[in-house]
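User: Hey, can we go through this model together? I'd like to talk about the sheet and then the rings.
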Amino acid sequence: NVINEDSVYIASVANNRTSVLFRQTVGAMINQHLGQVGNKLHAVINNQLYSYENNSLKPIFELKHPKFTGKVYGRNYKDIFLSMYDGIGHYDGTDIKYLHQFDNGFSYYKGRPLDFGSSIYFNIRDKLVLHGSLK
(Lines give C-alpha, C1' and ligand atoms only; values in the text may rest on other atoms or scores of the structure.)
Protein backbone atom coordinates (compact mmCIF):
# COMPACT_ATOMS: atom_id res chain seq x y z
CA ASN A 1 0.00 0.00 0.00
CA VAL A 2 1.15 3.50 -0.80
CA ILE A 3 1.01 6.15 1.94
CA ASN A 4 0.15 9.60 0.62
CA GLU A 5 1.68 12.52 2.50
CA ASP A 6 -1.45 14.64 1.99
CA SER A 7 -3.71 12.12 3.75
CA VAL A 8 -4.62 11.10 7.31
CA TYR A 9 -4.83 7.39 8.08
CA ILE A 10 -6.15 5.23 10.89
CA ALA A 11 -4.81 1.71 10.56
CA SER A 12 -4.74 -1.56 12.47
CA VAL A 13 -1.67 -3.79 12.59
CA ALA A 14 -2.02 -7.50 13.40
CA ASN A 15 0.00 -10.55 12.39
CA ASN A 16 2.42 -8.38 10.38
CA ARG A 17 -0.47 -7.05 8.26
CA THR A 18 -1.68 -3.48 8.12
CA SER A 19 -5.35 -2.77 7.47
CA VAL A 20 -6.37 0.80 6.66
CA LEU A 21 -9.56 1.57 8.60
CA PHE A 22 -9.85 5.17 7.45
CA ARG A 23 -8.15 7.47 4.94
CA GLN A 24 -8.96 11.04 3.95
CA THR A 25 -7.01 13.94 2.50
CA VAL A 26 -5.79 16.50 5.01
CA GLY A 27 -7.70 19.30 3.27
CA ALA A 28 -11.03 17.51 3.85
CA MET A 29 -10.42 16.91 7.57
CA ILE A 30 -12.26 18.91 10.22
CA ASN A 31 -10.89 17.00 13.21
CA GLN A 32 -9.50 13.58 14.02
CA HIS A 33 -8.58 12.18 17.43
CA LEU A 34 -8.51 8.89 19.31
CA GLY A 35 -10.32 8.77 22.62
CA GLN A 36 -11.87 6.51 25.19
CA VAL A 37 -15.53 5.96 26.01
CA GLY A 38 -16.11 3.31 28.65
CA ASN A 39 -13.38 0.75 28.25
CA LYS A 40 -13.31 0.94 24.43
CA LEU A 41 -11.16 2.79 21.94
CA HIS A 42 -13.03 5.38 19.92
CA ALA A 43 -12.15 7.74 17.11
CA VAL A 44 -13.65 11.09 16.25
CA ILE A 45 -13.38 11.84 12.55
CA ASN A 46 -14.99 15.00 11.19
CA ASN A 47 -17.26 15.24 14.27
CA GLN A 48 -18.47 11.63 13.90
CA LEU A 49 -17.82 9.32 16.88
CA TYR A 50 -16.74 5.80 15.90
CA SER A 51 -16.20 2.76 18.09
CA TYR A 52 -13.31 0.42 17.23
CA GLU A 53 -14.83 -3.07 17.17
CA ASN A 54 -13.82 -6.27 15.36
CA ASN A 55 -10.99 -4.52 13.50
CA SER A 56 -13.28 -1.86 12.03
CA LEU A 57 -14.68 1.57 12.86
CA LYS A 58 -18.41 1.48 13.66
CA PRO A 59 -20.25 4.85 13.49
CA ILE A 60 -22.01 5.71 16.76
CA PHE A 61 -23.29 9.30 16.48
CA GLU A 62 -22.29 12.81 15.48
CA LEU A 63 -20.92 15.35 17.97
CA LYS A 64 -21.46 18.64 16.20
CA HIS A 65 -20.47 21.96 17.74
CA PRO A 66 -18.42 24.71 16.07
CA LYS A 67 -15.94 24.83 18.99
CA PHE A 68 -15.46 21.04 19.37
CA THR A 69 -11.80 20.02 18.88
CA GLY A 70 -12.58 16.33 18.38
CA LYS A 71 -11.08 15.05 21.67
CA VAL A 72 -13.36 12.91 23.82
CA TYR A 73 -13.24 11.01 27.09
CA GLY A 74 -16.30 9.38 28.59
CA ARG A 75 -17.66 6.73 30.88
CA ASN A 76 -20.51 5.84 28.53
CA TYR A 77 -22.46 7.35 25.62
CA LYS A 78 -24.48 9.58 27.97
CA ASP A 79 -21.47 10.94 29.86
CA ILE A 80 -18.77 12.22 27.49
CA PHE A 81 -16.38 15.10 28.17
CA LEU A 82 -15.44 17.14 25.11
CA SER A 83 -12.43 19.32 24.49
CA MET A 84 -13.66 22.65 23.15
CA TYR A 85 -11.43 25.39 21.73
CA ASP A 86 -12.60 27.64 24.57
CA GLY A 87 -13.28 25.26 27.44
CA ILE A 88 -14.70 21.89 28.44
CA GLY A 89 -17.99 20.57 27.15
CA HIS A 90 -20.15 17.63 28.15
CA TYR A 91 -22.43 15.43 26.05
CA ASP A 92 -25.27 13.84 28.03
CA GLY A 93 -26.67 11.67 25.26
CA THR A 94 -28.79 14.51 23.90
CA ASP A 95 -27.08 17.90 24.09
CA ILE A 96 -23.62 19.44 24.28
CA LYS A 97 -23.26 21.92 27.14
CA TYR A 98 -20.27 23.78 28.51
CA LEU A 99 -19.03 22.74 31.94
CA HIS A 100 -16.44 25.51 31.90
CA GLN A 101 -15.81 28.19 29.31
CA PHE A 102 -12.73 30.39 29.09
CA ASP A 103 -12.79 33.93 27.78
CA ASN A 104 -9.46 33.78 25.93
CA GLY A 105 -10.92 31.78 23.05
CA PHE A 106 -8.23 29.08 22.89
CA SER A 107 -8.08 26.89 25.99
CA TYR A 108 -8.69 23.21 25.42
CA TYR A 109 -7.76 20.24 27.57
CA LYS A 110 -4.66 18.22 26.73
CA GLY A 111 -4.24 14.50 27.07
CA ARG A 112 -6.72 12.33 28.89
CA PRO A 113 -8.59 13.68 31.91
CA LEU A 114 -7.77 11.96 35.20
CA ASP A 115 -10.96 10.27 36.37
CA PHE A 116 -11.20 9.27 40.05
CA GLY A 117 -14.88 8.35 40.12
CA SER A 118 -16.36 11.33 41.94
CA SER A 119 -13.61 13.75 40.86
CA ILE A 120 -12.13 14.55 37.48
CA TYR A 121 -9.08 16.66 36.58
CA PHE A 122 -8.31 18.35 33.25
CA ASN A 123 -4.92 19.71 32.13
CA ILE A 124 -5.68 22.99 30.34
CA ARG A 125 -2.82 23.68 27.92
CA ASP A 126 -0.11 23.03 30.58
CA LYS A 127 -1.07 26.19 32.47
CA LEU A 128 -4.00 25.17 34.62
CA VAL A 129 -5.45 22.06 36.19
CA LEU A 130 -9.23 22.24 36.41
CA HIS A 131 -10.91 20.00 39.00
CA GLY A 132 -14.58 19.07 38.97
CA SER A 133 -16.73 16.98 41.27
CA LEU A 134 -19.18 14.60 39.64
CA LYS A 135 -22.69 13.96 40.86
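Analyst: Here's a quick chat about the sheet and the aromatic pairs. This is a predicted model, where local features need pLDDT of at least 70, side-chain atom pairs count only at pLDDT 80 or more, and totals for chains, interfaces and linings use all residues. Residues are numbered from 1 along each chain as its sequence is written, and side-chain values use heavy atoms, with hydrogens and water left out.
User: What's the strand order in the open sheet?
Analyst: E6-E5-E4-E3-E7-E8-E9-E10, eight strands with mixed pairing. Strands are DSSP runs of E, at least two residues, numbered from the N terminus, and two of them pair if DSSP finds at least two bridges between them.
User: Which strands stand at the edges?
Analyst: E6 (56-62) and E10 (96-101); each has a single partner strand, so one side of each lacks a neighbour in the sheet.
User: Switching to rings: how many aromatic pairs are there?
Analyst: Four. Rings of Phe, Tyr and Trp (its six-membered ring) pair if their centres lie within 6.5 Å; planes under 30 degrees apart are stacked, over 60 edge-to-face, the rest tilted. Phe 61 and Tyr 77 have centres 5.7 Å apart and planes at 80°, so they're edge-to-face.
User: And Phe 81 with Phe 122, what are the numbers there?
Analyst: Centres 5.5 Å apart, planes at 70°, so that pair is edge-to-face. Phe 81 is in strand E8 and Phe 122 in strand E12 (residues 119-124), so the pair ties together parts 41 residues apart in sequence.
User: Is Phe 81 buried or exposed?
Analyst: Buried, at 2% relative accessibility. Buried means under 20% relative accessible area, exposed over 50%, partly exposed in between (1.4 Å probe, protein chains only).

Methods
Helices (H or I, at least four residues) and strands (E, at least two) are DSSP runs, numbered from the N terminus.
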